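Dear colleague,

Please find the structure for your review directly below.

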Amino acid sequence: MDDILNVQNLETRFKVKGGWNHAVNGVSFRVSEGETLGIVGESGCGKSVSVMSITRLIPIPPGQITAGTAMFGGRDLLKLSDQELSKVRGAEIGMVYQEPMTAFNPVLSIGRQLTEPLEVHQGLTRQQANARAEELLSLVGIPNPKERMRDYPHQFSGGMRQRAMIAMALVCSPKLLIADEPTTALDVTIQAQIVRLVKELRQQLGMSIIWITHDLSLIAGLAHRIVVMYAGYVIEEAPIKKLYANPSHPYTMGLLNSLPRLDESEHRRLESIDGLPPILHKKPSGCPFAPRCRFVVERCHREVPALLTVEEDHRAACWVNPHTRRER
Amino acid sequence: MTQYILRRALQAILTLLVISVLIFGLISSVPGGIMSAYSENPDFTQEDLARLREKYGLNDPVPVRYAKWLLNVLQGDWGNSFTSKRPALQEISDRLPNTLLLMGSMFLVTLAIAIPLGIYSALKQYTFFDHLLTTVALAGQSLPTFWFGLLLIIIFSVLLKTPDGKPLLPSAGMMTLGQPFNLLDRLRHLILPVSMLAVISAASYMRYMRSSMLDVIHKDYVRTARGKGLPEKMVISRHALRNALIPIVTLLGLDLPNLFGGALFTETIFAWPGIGRLFFDSAMKTDYPVLMAVLMVYSFLIVASNLLVDLVYTVLDPRITLD
C-alpha cells in the first residue's frame with residue numbers, strides 16, 4: 001500500500017535555560033493509506049512533539065525542527081511556507097487533542113468552531129457549512145446536532161466534547177487524522193466509546209490515523225502497527241500482533257509486562273521499569289535506555305543502537321536480543 | 001435577562017439614595033458651613049449672610065433640608081446655583097456634552113493606540129519593538145498629568161508657531177473666541193487635551209493588552225485554531241483577541257467613571273468648560289445644589305457603567321450568564 005505520510009530522521013529540540021532539550025532525535029515512521037499507526041511511549045518520550053512537529057504546531061521558538069523530512073502527498077511538510085502549511089492543516093490532516101475542554105475556544109459556539117475549516121478550506125457558505133457540520137456531529141453520535149451547534153463548549157460533557165472535537169477534525173474529510181492522546185482525559189467507559197467511534201468512522205471514511213497514547217491496552221484493539229518511542233528515539237516498530245507476541249526491545253517488554261493480562265492463569269506481580277526516562281540536554285552517545293536496562297552490554301554505552309530487523313516488518317533498536325541475551 | 005436588569009436597576013436606585021444621604025451630609029458639614037465661601041468676603045455683611053441663609057432654607061436642621069432636597073429632586077427640581085442663579089441641572093447639561101466630547105475622543109484615541117500596539121507587542125514578544133513599546137509605555141504611564149499637559153502647551157502653543165506667528169495649537173478653550181462654530185477649529189482645540197489624556201491612559205492599556213494577549217496566545221484553543229488551518233490573522237482576531245479582551249473590558253468598566261474625575265486636571269489646564277471644572281468651581285464655593293447634582297450624576301455614571309460592564313461580559317463570554 002502507498003505511504004500517505006513518510007517521516008524520515010526528524011529532529012526537534014527546545015531551547016531551555018542554558019542549552020537545548022533534545023526532544024526528538026532522528027525519528028522515522030510511515031503511515032500507509034487506511035492504516036492506523038499507534039505511537040506509544042511514556043510522558044515526555046517525544047511522541048507528541050514528533051507528530052506536532054510534522055504540522056509545526058509546536059511553539060517555535062523555543063522549539064526548533066533541525067532535521068528531517070515529512071513527505072505527505074508528494075510534498076515535504078517541513079519545507080512548506082506557513083501559508084502552504086495552513087492549507088494542509090485542517091483540510092488534509094485533521095487533529096484531535098488531549099484536553100477537549102481547553103482545546104475548544106470557550107467563547108465561540110461549537111457550530112462556529114466546526115464550520116470554520118469548511119469556510120476557510122472549501123469556501124462554503126455559512127448554510128452549507130452548517131449543514132455539513134451537523135452531518136458530522138450526528139455521525140459522531142451527538143443527538144440533536146442542530147440545537148447543539150448553538151451550544152458552547154462548557155455546555156458539553158467531556159465525552160461529547162471529544163466527539164465534537166473528532167467531528168471538527170473530520171469536517172473537511174482529511175486523509176490523515178492525528179489523535180494526540182485523545183482519551184487520556186476521559187473516563188474509562190467514555191474511552192471505550194471513543195475508540196469504538198473512531199473504528200466505525202475509520203471504516204466509513206477510510207482515513208489513515210496516527211493515534212498517540214501511553215496506553216498499550218487501549219491501542220491494541222485499534223492500531224494496525226505500533227511505533228514505540230523512548231527519549232526521542234523510535235526503539236521498536238512492528239505490526240500489532242508481532243509486537244505483542246514478540247516484543248524485541250527491553251523497554252517494550254517492560255511496558256507489556258507492566259500490564260495485567262486476561263489470558264494468564266496465575267496471578268503474578270506486575271512489573272515496573274526502575275528509574276525515569278532521561279531529559280536529554282545533549283544527544284546521548286549510547287542507548288538512551290541503557291541506564292534502566294537489564295540486558296545492557298558494553299556496546300550499549302558506546303553506540304546508539306540502529307533499528308535492526310527482527311523479523312519481517314518488525315524492527316527493534318537494541319544491540320541485544322533480549323530473548324537469547326546474545327548480541328545481535 | 002430583563003428580570004436581571006430590573007433587579008439591578010432597583011438596587012441602583014437604593015445605592016443612589018444612600019450615596020445622596022452621604023454626600024448631602026458631607027457637604028452640610030464642611031467647616032464654616034455652607035455660607036463659608038461668603039462669610040470671608042468683606043462685601044457681605046452679617047445681615048446679608050442671615051438673609052441668604054433664610055432664603056436658601058439653611059437654618060433648618062440637615063435632615064429636614066435633605067428631605068426637602070429629595071422631594072424637589074423627585075419632582076425634577078434640582079435647585080438653582082447659588083452663583084449663577086440658573087437651575088443646577090441646566091448648568092450640568094450645558095457642560096456635560098463638552099466633557100463627553102473630550103472624554104469620548106480620548107477614549108477612542110486611547111483604544112485606537114493601545115489595542116493594536118498591545119497586540120503587536122505581544123505577538124513580537126522580546127523583539128526590539130516589544131522592548132521599545134513596553135519601555136515607552138512605562139514612561140508614559142509614569143508621567144504626571146499636569147506636568148505633561150504643561151509640557152504640551154509649552155511645546156505646541158509657545159515654542160512652535162504657525163508661519164504667521166500664531167501658536168501652532170490653541171492651548172485653552174473649546175473654540176477660537178468671536179468665531180462661529182467650525183469643526184476644524186473644534187478639532188484643533190481638542191488635540192492637546194486629548195493627547196495629554198490619551199498618551200497616559202494608552203500607555204497603561206497597552207501594557208494590559210499585551211499581557212492579556214500573551215496569556216491567551218499560548219492557550220490550547222489557539223493551537224487548535226492553527227491546527228484547523230485558519231490563516232494567522234483569523235487565529236489572532238477571532239480566537240485570541242476575543243478572549244484577550246475580556247479582562248480589558250473589566251478595566252474599561254472600572255475606568256469609565258474615573259474618566260469623568262480625571263477630566264478635572266485636563267479641563268483646568270486647558271480651560272475646557274466641562275463637568276470637571278464645574279465640580280471644582282462649585283466645590284470651592286460650596287454651591288451645594290450644583291455640587292449635589294454633579295456628584296449624583298457621577299454616582300449614576302458609576303452605577304450605570306458597572307451594569308454595562310456586566311452586560312458586556314455576557315456578550316463576550318458565553319460562560320457567564322446573568323440571573
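The paragraphs that follow set out what was found. Please bear in mind that this is a predicted model.

The largest pocket has a volume of about 1400 Å³. Its lining comprises 39 residues, and those that lie nearest the centre are Ile58(A), Pro59(A), Ile60(A), Arg226(B) and Glu232(B). Two or more lining residues come from each of helices H1 (47-54), H2 (82-88) and H4 (110-122) of chain A, and from each of helices H5 (88-123), H8 (183-217) and H9 (220-227) of chain B. The element that gives the most is H2(A), with five residues. By class, this lining holds 20 nonpolar, eight polar and 11 charged residues.

The second largest pocket contains about 350 Å³ of space. It is lined by 15 residues, with Tyr56(B), Asn72(B), Gly79(B), Tyr288(B) and Pro289(B) nearest its centre. Helix H4 (62-74) and helix H12 (288-316) of chain B each supply at least two residues of this lining, and H4(B) gives the most, with four. Six of the lining residues are nonpolar, four are polar and five are charged.

In soluble globular proteins, nonpolar side chains tend to be buried together. In this model, the largest nonpolar core has 99 residues, and Leu5(A), Phe29(A), Ile39(A), Leu77(A), Ile166(A), Ile210(A) and Trp211(A) have the most contacts inside it. Helix H7 (residues 158-170) of chain A gives the most to this core, namely seven residues. A separate core of 31 residues includes Met35(B), Leu49(B), Trp69(B) and Val294(B).

Leaving aside residues up to four places away in sequence, Phe29(A) touches Leu5(A), Asn6(A), Val7(A), Leu37(A), Ile39(A), Val51(A), Ile54(A), Ile210(A) and Val227(A).

Cavities

There are three cavities of 30 Å³ or more in the structure. The largest cavity has a volume of about 60 Å³. Residues of both chains line it, including Gly90(A), Tyr97(A), Met168(A), Thr224(B) and Lys228(B). Strand E6 (93-96) and H7 of chain A, together with H9 of chain B, each give two or more residues to this lining, and the largest share, three residues, comes from E6(A). The lining divides into six nonpolar, four polar and one charged residue.

The second largest cavity holds about 40 Å³. Its lining includes Cys287(A), Cys293(A), Cys300(A) and Cys318(A), along with His249(A) and Phe289(A). Eight of the lining residues are nonpolar, one is polar and none is charged.

Salt bridges

Over all chains, 27 salt bridges were found. Which residues does Arg225(A) join in a network of salt bridges? The network links Arg225(A) with Glu35(A), Glu237(A) and Arg315(A). The side chains of Glu237(A) and Arg225(A) meet at 2.9 Å, N to O. This pair links distant parts of the chain, with Glu237(A) in strand E10 (residues 233-239) and Arg225(A) in strand E9 (residues 225-230), 12 residues apart. Glu237(A) counts as buried because its relative accessibility is 6%, and Arg225(A) is likewise buried, at 7%.

Arg132(A) and Glu135(A) form another salt bridge (3.1 Å, N to O). Both lie in helix H5 (residues 126-139) of chain A, three residues apart, which is about one turn of the helix. Arg132(A) is partly exposed at 21% relative accessible area, and Glu135(A) is partly exposed at 48%.

Yours sincerely

Definitions and conventions: Residues numbered from 1 in each chain as written. Chains lettered and ligands numbered in written order. Predicted model: local features only at pLDDT ≥ 70, side-chain atom pairs only at ≥ 80, totals over all residues. Heavy atoms only, no water. 1 Å grid on protein atoms, 1.4 Å probe; cavity = no way out; pocket = protein on both sides within 12 Å on 5 of 7 lines; lining within 4 Å. Points joined across faces, edges and corners; volume = space filled by probe spheres on them. Nonpolar A, V, L, I, M, F, W, Y, C, P; charged D, E, K, R; others polar. Core = buried A, V, L, I, M, F, W, Y, C linked by side-chain atoms within 4.5 Å. Buried < 20%, exposed > 50% of the residue type's maximum accessible area, 1.4 Å probe, protein only. Contact = heavy atoms within 4.5 Å. Salt bridge = Lys/Arg side-chain N within 4 Å of Asp/Glu carboxyl O.
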